Amino acid sequence: MKVVIPSAFFLNKVPPVYVWDLHLNDPECRGVEIEDDYVFGIKTNLSDCGTIMASDDTHIMFINTIRNNDSEIITRNYINITFVCRYPLNYMVQQPNGENMIRVDVRTIILNTEDGNFSVSMLLYKDKAFEDKWTTVPSLTLDDNIYVKVFMIPAHLRLRVERCWATPTSDPYSNIQYTFIKDSCPVLLNENTLTVLKNGHSPEAMFRIQMFKFVGSSYTDVFLHCNVQICHNTAGVCQPNCSGDDDGFGRMRRDIPLSHTVSYGPIRRLLTESDQPRLNSGSVPPVETFVLGGLLVVLLLITGIFGRLWQRSRQSYPAQEAQLTLSNIHHSAEVAS
């Protein structure tokens, strides 16, 4: 039984996968590179190399898998190619010497291969039961909790959140970053602000955080980002050790590059009445305040000037009128004489 796969399928990956990185179910059974192909074969007993045998009413099947070298963490290239050879149960040949025996021919099988992808998503919820999902832009006060779920599809492996951080823009590589989960463990010691509920136990990770109490009141919008790793579905190899007793198991293999980043945003801060004075306390009044104040002062000065001029005109008017009257009387007397 032999499987032939073009080497370009593996070498074109980033990083490339070499033939010595691969094996069958039995790690001792490895492939060889022949010209432009990777070749994996079982030359003697079909049950060798960890082959699984199964049967139905009409056929017997031999099942094996081409996979990566054993590792707890799956990074960018996760190889898992299962192949099956099936033979009829009633397969009997009459030999010239009269003996009846089953003979299995060696056949070369060319597999059509393609990449498999994992879809990793992030959702935000309003409640600790993770039932009421945010379907609009989340609006939170300083004390509001937000419940975050990171999950993968298909869900037949395990997911571990490695690092989570917040930024004031949608750029996960922003110069301003607030990290609250690092090495799969919470950075914040205050459990009232952050609680990791599930991580590395299943195809989903969950945590609760008071987002704006963590990043502070300087921002009205924040964006959430998480790096995740996909682990083999084996109990105990994916769960982080966040107890403080670092035995080398919970924080292992940090040299492997993180290959999956998922983001969510914006998350908007909801300003309450108590937040309004806090936003401007200790700050310089805006330019508009100075402009309006200056206009008011000028208006008051103009009003005062015109008021004083009007008052002076009212005081001088009776005297002018009296002088005019005396002048008229004097002129009448001269005419009479």
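First, the ground rules. This is a predicted model, in which local features need pLDDT of at least 70 and side-chain atom pairs count only at pLDDT 80 or more, while totals for chains, interfaces and linings use all residues. Residues are numbered from 1 along each chain as its sequence is written, and side-chain values use heavy atoms, with hydrogens and water left out.

Now the overall picture. The protein has four helices and 21 strands; helices (H or I, at least four residues) and strands (E, at least two) are DSSP runs, numbered from the N terminus. Of its 337 residues, 33% count as buried. Buried here means under 20% relative accessible area, exposed means over 50%, and partly exposed is in between, with a 1.4 Å probe and protein chains only. The accessible surface comes to about 21200 Å², and 54% of that belongs to carbon and sulfur atoms. Those areas come from the Shrake-Rupley method with a 1.4 Å probe; for residues, only the protein chains shown count as cover. Taking contacts between residues at least 6 apart in sequence, 65% join residues at least 24 apart, where contact means heavy atoms within 4.5 Å.

On to the sheet. Which order do its strands take? The order is β12-β14-β19-β18, four strands in an open sheet with antiparallel pairing. Two strands pair if DSSP finds at least two bridges between them. At the edges are β12 (119-125) and β18 (194-198), each pairing on one side only. From one strand to the next, the twist averages 20°; axes are lines fitted to C-alpha atoms, for helices over the stretch in contact, and angles run from 0 to 180 degrees between N-to-C directions. Between β18 and β19 (residues 204-209), which run antiparallel, there are four bridges. Val196 stands opposite Phe207 in β19.

Next, the backbone. Most residues other than glycine have a negative phi, and most peptide bonds are trans. Gly265 and Pro266 are joined by a cis peptide bond, with omega about 0°. Pro266 is placed in strand β21 (residues 260-269). Cys49 has a positive phi, near 60°. This cysteine lies in the loop between β4 (37-41) and β5 (52-55), and at a relative accessible area of 12% Cys49 is buried. Ser184 also has a positive phi, near 70°. Ser184 sits in the loop between β16 (178-182) and β17 (185-186). Is Ser184 buried or exposed? Ser184 is buried, with a relative accessible area of 1%.

Phe118 lies in the loop between β11 (108-110) and β12 and is partly exposed, at 23% relative accessible area. Leaving aside neighbours within four places in sequence, Phe118 is in contact with Tyr78, Met152, Ile153, Pro154, His156 and Leu157. For Phe118 and Leu157, 39 residues apart along the chain, the C-alpha atoms are separated by 10.0 Å.

The other item is a nonpolar surface patch of about 500 Å², made by Val298, Ile302, Ile305, Phe306 and Leu309. Patches are made of residues with over 30% relative accessible area and no salt bridge: like charges are joined within 9 Å, nonpolar side chains (Val, Leu, Ile, Met, Phe, Trp, Tyr) within 5 Å. Val298 lies in helix α4 (residues 287-336) and is partly exposed, at 44%.

Last, the salt bridges. A salt bridge is a side-chain nitrogen of Lys or Arg within 4 Å of a carboxyl oxygen of Asp or Glu. How many are there by this rule? The count comes to five.

One of them joins Lys213 to Asp143, with the closest N and O atoms 2.8 Å apart. That pair links distant parts of the chain, 70 residues apart: Lys213 is in helix α2 (residues 211-215), and Asp143 is in the loop between β13 (139-140) and β14 (146-153). Lys213 is partly exposed, at 43% relative accessibility.

Arg160 and Glu162 meet in another salt bridge, at 3.2 Å from N to O, and both residues are buried.

Lys198 forms a salt bridge with Glu204, the closest N and O atoms being 3.4 Å apart. Lys198 is partly exposed at 27%, and Glu204 is partly exposed at 22%.

That is the end of the tour.
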